[in-house]
Amino acid sequence: MSLLVVGLSHRTAPVGVLERAALTGEVPTRLLHDAAATATVGEAALLNTCNRIELYADVDKFHAGVAELSLLLAHHSGVDLEELTSHLYVHYEDRAVHHLFSVACGLDSMVVGEGQILGQLRDALAKAQEEHTAGRGLNELFQQALRVGKRAHSETGIDKAGQSLVTFGLEQVAAGAGEIAGKRALVVGAGSMSSLAAATLVRSGVTDLLIANRTPARAERLVEILGPDVARVLDLAKVPEALADVDLVISCTGAAGVVVRAEDVAAAVASRRSPEPLALLDLAMPRDVDHAVHELPGALLVDLESLSHAHAASPGAGDVDQVSRIVSDEVTAFGAAQRAARIAPTVVALRSMASDVVAAELGRLDSRLPDLDERSRAEITQTVRRVVDKLLHAPTVRVKQLAAEPGGASYAEALRELFDLDPAAVHAVSGTPVGGAPQPSAGGTR
């Protein structure tokens with residue numbers, strides 16, 4: 001496969017652009033289908049998180065693939081193509097694999113080493129499988145990325161450096177608004193991130209927790225998991241008045257607009273008696289909490305933008321170098337395996353052709369020497385086959401070794417030319433389209 005990645009993330013785009021580009025509702029599904037339907041794309045998968053949007057595609061033309069996927073991202077995100085292009089990154093073939101493996105290990109995360117990305121990758125693959133946009137190539141690639149991510153977390157101490165976004169956010173809250181233990185808290189939302197936030201709060205010593213969600217049933221299920229002695233369901237419409245009764249708000253919904261307004265926070269702050277500020281942790285993209293809350297005295301807002309700045313200033317993880325080496329080794333091994341797999345159909349087709357030639361010649365021998373006894377015929381048959389096997393053994397073994405190296409695809413092409421192999425025969429073995437060679441690798445560009 002010729003893997004292409006086109007995307008934007010917290011590393012290349014400011015939060016304001018990521019917020020406007022956020023894909024919600026049915027938009028991700030439509031984008032996935034539109035990507036898979038383009039002429040240059042054979043398979044497609046979409047990784048869509050709070051701080052990255054990435055299209056992964058198996059393409060037959062590099063430049064056309066970049067143009068089409070960029071246009072689709074602009075169309076579905078609603079961000080003008082010219083503006084979006086300045087924030088997009090492009091990776092191709094080995095560099096694309098390196099990027100995905102780095103993402104899986106948490107090296108490209110806002111909080112380096114965080115493990116949530118593995119679940120998000122798993123969801124991206126499941127969605128592509130469910131929508132029938134991922135085939136054998138992307139399935140193998142994503143499964144390998146998940147394995148590499150698990151290896152990095154099990155063989156290194158990256159977990160110690162890599163907290164979840166929730167944990168890192170709560171550390172920033174504690175630095176500005178005091179310890180989390182004993183605080184009264186409100187979680188707005190009941191999805192995976194909100195559920196993680198609620199569980200983290202309980203582990204941190206919060207004993208009075210309100211859960212508000214657009215669908216009350218999901219909030220009730222979360223309360224059952226956490227325990228009714230710790231958590232209670234709050235009507236979403238009552239969130240503004242509940243702000244005055246809590247010390248900490250965590251919001252992570254899929255809403256398209258502001259969920260917590262600045263005027264409601266201002267009113268809550270005015271009625272508070274605690275010397276500590278009302279803390280708000282906004283983990284949503286697009287943002288749930290009005291950005292104007294940053295300017296309110298008596299309120300502390302920690303959002304993705306401030307988390308990005310805080311993490312950029314924090315010390316680097318000691319295990320990052322070790323994980324980087326794991327990624328590099330795994331990319332090399334994956335590339336070698338892929339290149340070797342590409343030549344296998346050619347080798348099989350060559351051996352099949354040789355077998356057909358042997359069968360034809362033995363048939364010709366039978367017609368010319370019909371009185372040949374069975375013992376002699378068997379000996380001749382074994383001898384001819386042994387000669388052919390010995391002649392093919394060295395070149396087929398060597399071509400497999402050479403194919404595993406960079407540029408190895410040319411050896412498969414040379415083998416097809418030298419033995420005049422029928423492309424349809426190779427296609428029948430591989431199950432891949434008969435056509436031109438992949439476009440030259442463009443590496444990673446911005």
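Me: Which residues does Phe142 touch, not counting residues up to four places away in sequence?
Reply: Leaving out residues up to four places away in sequence, Phe142 touches Ala45, Tyr56, Leu100, Leu121, Ala124 and Leu125, where a contact means heavy atoms within 4.5 Å. This is a predicted model, in which local features need pLDDT of at least 70 and side-chain atom pairs count only at pLDDT 80 or more, while totals for chains, interfaces and linings use all residues. Residues are numbered from 1 along each chain as its sequence is written, and side-chain values use heavy atoms, with hydrogens and water left out.

Me: Why does Phe142 count as buried?
Reply: Buried means under 20% relative accessible area, exposed over 50%, and partly exposed in between, with a 1.4 Å probe and protein chains only. Phe142 has 1% relative accessibility, and therefore counts as buried. Phe142 has its place in helix α7 (residues 136-155); helices are DSSP runs of H or I with at least four residues, and strands are runs of E with at least two, numbered from the N terminus.

Me: Why is Ser194 called buried?
Reply: The relative accessible area of Ser194 is 2%, so Ser194 is buried. This residue lies in helix α10. Not counting residues up to four places away in sequence, Ser194 touches Val187, Val188, Gly189 and Cys252.

Me: Why does the span of helix α3 agree with its 16 residues?
Reply: The expected span of a helix is 1.5 Å times one less than its number of residues. The 16 residues of α3 (residues 62-77) should therefore span 22 Å, and the end C-alpha atoms are 22 Å apart, which agrees. The buried residues of α3 include Phe62, Leu69 and His76. Just after α3, Gly78 takes a positive phi of about 85°.

Me: Which residues are the closest to the centre of the second largest pocket?
Reply: The second largest pocket has a volume of about 1,400 Å³. Of its 46 lining residues, the closest to the centre are Leu23, Asn48, Ser192, Thr253 and Gly254. A pocket is an open set of points on a 1 Å grid over the protein atoms alone, where a 1.4 Å probe fits, with protein on both sides within 12 Å along at least five of seven lines; lining residues have an atom within 4 Å of a point.

Me: What gives the most to the lining of the second largest pocket?
Reply: Helix α6 gives the most to this lining, with seven residues.

How values were computed. Grid points are joined across faces, edges and corners, and a volume is the space filled by probe spheres set on the points.
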